[in-house]
Amino acid sequence: MTDQDPNWLRSGHTDPADVAKVYDDWAATYDRDLRSWRYQAPSLTVAALAEAQPSAGKVLDVGCGSGLVGIELRTAGFADITGIDLSSSALELALATGAYEVVRQADVQSGPIPFDDDRFDALVCVGVMTYLPDTTAVVTDFCRVVGQGGSILFTQRQDLWEPRDCQRDLDHLAEAGVCHIESVSDPLPYLPDSDELGDVPIRLVHLRSAG
C-alpha cells in the first residue's frame, strides 16, 4: 500500500497527521487494493441504512476516503450526500466519483464535525472508528449533527471493540439520552482477503439520534 510499516493497518494508529499522510500516500491505489481484499463494509453499511431509513434526505459520510461508500449510497438511491475526510488526496478522488454534493476536509478526532446541529438525516462512518479512540466523544458529535430519530451507522473492528469498551460507552450514551441503540451486529466480514486484516471482523452499529 505505502512505504509505511506493513503492520500499520492492524496497529490502529490514532494520530491525525499520521493517518492523513498514510491515506494521502495510498490514495492512488486505495480502491484497487480494497477491491483485491474484498472490502465488505461499505455494502453492508449502506444496505443497513437502506433498510432502516430509505427516505433519508441529507446523508453525511464521515471518513469518506476515495468515495467507495458514497458510490454505494448513490446506487442505493440516496442523492444528497456530503463527505468529510482527513486526506485531501482521497477527497479529490471522492469528488471525482460524482456521488457527493459536497466534500470537505475535516479532522473529526481533534474537533467537532464542521456542521450545524441537526444538519443531516442520517450518518455513516465506515472503516474509520479505528482511528477515533474516544467513542463517547465521537458518537456524541455524530448525534449532534443528525436530527432526532435519524440513523447513525458505523463499523468498528472486533479486535478493538472490547479493548476500547465500545459497548459500555454506547450503553452510557443511551442511558444519558444521547442516542437509542437499534442494533449491534455479530462479527461480520471486513477485509477477508487481506494478509494483514483478513482475520479481523467488524461490528456494525446502528443508532438513532435522540436529537
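The questions below ask how the labels on this predicted model were reached.

User: What are the ground rules for this model?
Analyst: It is predicted: local features need pLDDT of at least 70, side-chain atom pairs count only at pLDDT 80 or more, and totals for chains, interfaces and linings use all residues. Residues are numbered from 1 along each chain as its sequence is written, and side-chain values use heavy atoms, with hydrogens and water left out.

User: What makes cysteine 166 count as buried?
Analyst: Buried means under 20% relative accessible area, exposed over 50%, partly exposed in between (1.4 Å probe, protein chains only). Cysteine 166 has 2% relative accessibility, so it is buried.

User: Which residues of helix 4 are buried, and why are they said to line one face?
Analyst: Helices are DSSP runs (H or I, at least four residues) and strands likewise (E, at least two), numbered from the N terminus. In helix 4, Val69, Gly70 and Leu73 are buried. Seen down the axis, they fall within an arc of 100°, so they line one face. The arc is that of directions from the helix axis to the C-beta atoms.

User: What do these buried residues of helix 4 pack against?
Analyst: Helix 3, strand 1 (58–62), strand 2 (80–85) and strand 4 (120–125). Contact means heavy atoms within 4.5 Å.
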